[in-house]
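Trainee: I would like to learn how to read a protein model. Can we go through one together?
Mentor: Gladly; here it is.

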Amino acid sequence: GGPRPLGWPASSDSANEAYGSLVGFFVLRLCRQPGGGPAACNDGCALVRDLRSWKNAHIGVLFVDAPTNMIATGLLLADNHIGITGNFH
C-alpha cells in the first residue's frame, strides 16, 4: 500500500483495509428473510465495524438492500469521493 493518512496505526489485528479501489467495501443484504423494513429481519440490527477505507476512487463503504437497522463503528474513512452511503428499504 501507499502512505497512510496521519494518525492511522501502521497495522491492526482487527481492521480490514481497502485502499485504491473503486468501492472500498460493499456490504450486501444483512439477513436472509425476504421483504423490506426492519420487521423483515425480525427487528434485528447489523454491525459493521473496524474497517479502514481510504483513497478509493468513489465510495469508502457502500451498503445496499438493507432491510434492518445498521450500526457502523470504528470506521476510518479518508480521501474517498464519498465516505459511506447506501440504501434501506
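Trainee: In what order do the elements of the protein run from the N terminus on?
Mentor: This is a predicted model. From the N terminus on, the order is β-β-β-β-β-β-β-β. The count is eight strands and zero helices.

Trainee: How many of the contacts link residues 24 or more positions apart?
Mentor: Take the contacts with a separation of 6 or more. Residues 24 or more positions apart account for 66% of them.

Trainee: What share of the 89 residues is buried?
Mentor: Buried means under 20% relative accessible area. Here that covers 29% of the 89 residues. The protein exposes about 5400 Å², and carbon and sulfur atoms supply 53% of that area.

Trainee: Which residues form the largest nonpolar core?
Mentor: General idea before the case. In soluble globular proteins, nonpolar side chains tend to be buried together. In this structure, the largest nonpolar core has ten residues. They are Ala18, Phe25, Val27, Ala46, Val48, Leu51, Val61, Phe63, Ala66 and Met70.

Trainee: Which strands each supply at least two residues of this core?
Mentor: Strand S2 (23-27), strand S3 (45-49) and strand S5 (59-66) do. S5 gives the most, with three residues.

Trainee: Why is S5 described as largely enclosed by the rest of the structure?
Mentor: Count its buried residues. Six of the eight residues of S5 are buried, so the strand is largely enclosed.

Trainee: Now pairing. How many bridges join S2 to S5?
Mentor: Again, the general idea leads. Strands of a sheet pair through backbone hydrogen bonds, either parallel or antiparallel. S2 and S5 run parallel, and four bridges join them. For one partner pair, look at Val23: its bridge partner in S5 is Ile59.

Trainee: In what order do the three strands of the open sheet lie?
Mentor: The order is S1-S4-S7, with parallel pairing. Read the edges next. Strand S1 (16-19) and strand S7 (76-78) stand there, each with a single partner strand, so one side of each is left without a neighbour in the sheet. From one strand to the next, the twist averages 5°.

Trainee: How many bridges pair S4 with S7?
Mentor: Three bridges, in the parallel sense, pair S7 with strand S4 (residues 51-54). On S4, check Trp54. Its bridge partner in S7 is Ala78.

Trainee: Is Ser53 buried or exposed?
Mentor: Start with its place, which is in strand S4. Relative accessibility for Ser53 is 0%, so the residue counts as buried.

Trainee: What does the side chain of Ser53 make a polar contact with?
Mentor: The side chain of Asn56, at 2.8 Å. The Ser53 side chain also reaches the backbone oxygen of Gly60, at 2.9 Å.

Trainee: On to backbone angles. What is the phi of Lys55?
Mentor: Phi is positive, about 55°, although Lys55 is not a glycine. Find Lys55 in the loop between S4 and S5. Its relative accessibility is 40%, so Lys55 counts as partly exposed.

Trainee: And what is the phi of Asp79?
Mentor: Asp79 is not a glycine, yet its phi is positive, at about 60°. Look for Asp79 in the loop between S7 and strand S8 (82-88). At 53% relative accessibility, Asp79 is classed as exposed.

Trainee: How do I read a strand residue with an open side? Is Leu47 buried or exposed?
Mentor: The exposed class begins over 50% relative accessible area. Leu47, which lies in strand S3, has 52% relative accessibility and so counts as exposed.

Trainee: Which residues is Leu47 in contact with, leaving aside its neighbours within four places in sequence?
Mentor: Those residues are Ile71 and Thr73.

Trainee: Let me try one more. Where is Arg49 placed?
Mentor: Arg49 is in strand S3. With 52% relative accessibility, Arg49 counts as exposed. Now compare sequence with space. Arg49 and Ala15 are 34 residues apart in sequence, and their C-alpha atoms are 8.0 Å apart.

Methods. Residues are numbered from 1 along each chain as its sequence is written. This is a predicted model: local features need pLDDT of at least 70, side-chain atom pairs count only at pLDDT 80 or more; totals for chains, interfaces and linings use all residues. Side-chain values use heavy atoms; hydrogens and water are left out. A nonpolar core is a set of buried Ala, Val, Leu, Ile, Met, Phe, Trp, Tyr and Cys residues joined through side-chain atoms within 4.5 Å. Buried means under 20% relative accessible area, exposed over 50%, partly exposed in between (1.4 Å probe, protein chains only). Two strands pair if DSSP finds at least two bridges between them. Axes are lines fitted to C-alpha atoms, for helices over the stretch in contact, and angles run from 0 to 180 degrees between N-to-C directions. Contact means heavy atoms within 4.5 Å. Accessible areas come from the Shrake-Rupley method with a 1.4 Å probe; for residues, only the protein chains shown count as cover. A polar contact is a pair of N or O atoms within 3.5 Å; within protein, one must be able to donate a hydrogen and the other to accept it, and residues adjacent in sequence count only if both atoms are side-chain atoms.
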